[in-house]
Number of protein chains: 2
Amino acid sequence: MSARISNLSNRGHRGEPVIKDVFDATREELARVGFRALRIEDVAARANVNKTTIYRRWPNKSDLVQDALRSMFEDKSFAPNTGSLRGDLLMVAGAMLDFLRSANGQALVRMMMAEGTEDDLRRIVDTLRSEKEGVGELIIERAKARGEVRGDVKTELLLSTLVGGLHHRIFAICVATNEIDLEEHVDLLLYGAVPRATK
Amino acid sequence: MSARISNLSNRGHRGEPVIKDVFDATREELARVGFRALRIEDVAARANVNKTTIYRRWPNKSDLVQDALRSMFEDKSFAPNTGSLRGDLLMVAGAMLDFLRSANGQALVRMMMAEGTEDDLRRIVDTLRSEKEGVGELIIERAKARGEVRGDVKTELLLSTLVGGLHHRIFAICVATNEIDLEEHVDLLLYGAVPRATK
């Protein structure tokens with residue numbers, strides 16, 4: 001396997017653009033036909049590379065899809081640290097909303113919702129989520145240390161409710177992404193719907 | 001159209017079970033193949049009726065699907081009125097969780113997420129949602145009148161966050177439905193994650 005990788009990187013500066021093209025083509029095909037129907041041949045044609053170029057590096061579809069999805073988040077894997085939970089959650093939610101503003105992003109999320117019972121896709125999503133969940137956990141743990149969150153609030157519940165609420169409004173209610181007010185979402189989770197004396 | 005309906009009801013007591021069988025079969029086929037691929041022939045075969053029996057009453061697929069989906073909620077269209085927002089939301093969320101506990105229910109929600117961009121299905125879901133949204137609105141309006149909800153909290157946002165959070169944990173995180181603690185969900189939305197002096 002390492003021989004194969006060095007084989008590809010031996011092409012020098014041609015290596016990087018090829019990988020980027022293959023990842024872009026993989027995500028476009030995923031958005032178009034979904035995981036089950038994805039064919040390496042179609043990815044190769046779209047990326048304008050020989051299919052053996054893809055098979056050499058990614059012997060199976062799952063490896064390719066996992067790497068292609070992971071590459072979307074590579075520059076977004078740091079946890080924001082604005083000093084307040086509200087600021088951090090607004091940054092995380094903002095990055096998510098940017099992603100959902102793209103037609104490709106919406107199609108990818110829809111595909112994952114639809115085919116989420118597919119075992120191979122399930123494993124990929126679980127792997128990527130476990131790589132990324134440290135970001136959310138770090139934000140919430142810092143907030144708990146600052147006394148900004150009640151100790152009995154589950155991190156997973158809080159993050160799921162933020163993400164799920166956004167997804168539901170965009171995908172089920174079909175609220176346009178530019179009509180989503182992120183402060184409203186974050187403040188509902190932080191302060192609740194019931195009136196409080198101090199906010 | 002009314003002639004067709006009376007034609008069907010002229011069969012007397014045979015009418016009702018046939019309709020129930022057709023609705024059940026429609027939902028099972030929807031869960032199995034989705035809206036786009038649904039064929040009246042397959043519904044007829046599953047319901048063990050002649051396909052003309054279906055075409056006579058529902059000239060097109062959309063009418064049939066809309067009536068079959070609506071029939072699921074017919075006995076659940078009343079708004080609970082427990083006297084507190086917390087009690088009402090727990091009842092609404094409980095009915096939803098019961099639905100999601102069935103394999104059929106999960107498959108139907110997944111299908112709607114996946115094919116939500118399909119125009120005909122979109123119209124059906126919008127129609128059914130507008131028929132049902134009065135329930136949620138009534139609950140929240142009553143709560144606002146009792147001073148239980150801040151006036152600036154949008155009803156749609158509150159309900160979407162409750163539903164979306166549940167959906168996300170069940171469909172994306174794959175939390176088992178029997179591990180979902182509804183009080184946790186409702187209390188996060190009512191009281192928020194930030195510590196408050198009085199709860």
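This is a predicted model: local features need pLDDT of at least 70, side-chain atom pairs count only at pLDDT 80 or more; totals for chains, interfaces and linings use all residues.
Let me begin with B:His168, which is buried, with a relative accessible area of 12%, and which sits in helix α9 of chain B, the helix made of residues 155-172.

What does B:His168 touch, if we do not count residues up to four places away in sequence? The list holds A:Ser160, A:Val163, A:Gly164 and A:His167 from chain A, together with B:Ile173 from chain B.

That brings me to how the two chains are related. Chain A can be superposed on chain B by a rotation of 180° with 0.0 Å of shift along the axis, and the RMSD is 0.0 Å. This is the relation of a two-fold axis, and the same surface serves both copies, since 100% of the contact residues of chain A recur in chain B.

Next, the cysteines. A disulfide, in general, is a covalent bond between the sulfur atoms of two cysteines. How many disulfides does a search of the whole structure find? Over all chains, the search finds zero. As for individual cysteines, A:Cys174 is partly exposed, with a relative accessible area of 38%, and B:Cys174 also counts as partly exposed, at 37% relative accessibility.

Let me turn to the second largest pocket, which holds about 700 Å³ of space. Its lining consists of 26 residues, and those that lie nearest its centre are A:Arg36, A:Ala114, A:Glu115, B:Ala114 and B:Glu115. Sorted by class, the lining has 13 nonpolar, five polar and eight charged residues. Helices α2 (15-33) and α7 (103-114) of chain A, and α2 (15-33) and α7 (103-114) of chain B, each supply at least two residues of this lining. Which element gives the largest share of the lining? That is α7(B), with five residues.

Finally, I would like to show you A:Trp58, which is found in the loop between α4 (51-57) and α5 (61-70) of chain A. Is A:Trp58 buried or exposed? At 4% relative accessibility, A:Trp58 counts as buried, because the cut-off for that word is under 20%. If we leave aside its neighbours within four places in sequence, A:Trp58 is in contact with A:Val22, A:Phe23, A:Asp63, A:Leu64 and A:Asp67. As for A:Ile40, which is 18 residues apart from A:Trp58 along the chain, the C-alpha atoms of the two are separated by 9.8 Å.

Key: Residues are numbered from 1 along each chain as its sequence is written. Chains are lettered from A and ligands numbered from 1 in the order in which they are written. Side-chain values use heavy atoms; hydrogens and water are left out. Copies are superposed by least squares on the C-alpha atoms of residues with pLDDT of at least 70 in both. Contact means heavy atoms within 4.5 Å. A disulfide is a pair of cysteine sulfur atoms within 2.5 Å. Buried means under 20% relative accessible area, exposed over 50%, partly exposed in between (1.4 Å probe, protein chains only). On a 1 Å grid over the protein atoms alone, a cavity is a set of points where a 1.4 Å probe fits but cannot get out, and a pocket is an open set with protein on both sides within 12 Å along at least five of seven lines; lining residues have an atom within 4 Å of a point. Grid points are joined across faces, edges and corners, and a volume is the space filled by probe spheres set on the points. Helices (H or I, at least four residues) and strands (E, at least two) are DSSP runs, numbered from the N terminus. Ala, Val, Leu, Ile, Met, Phe, Trp, Tyr, Cys and Pro count as nonpolar, Asp, Glu, Lys and Arg as charged, and the others, Gly among them, as polar.
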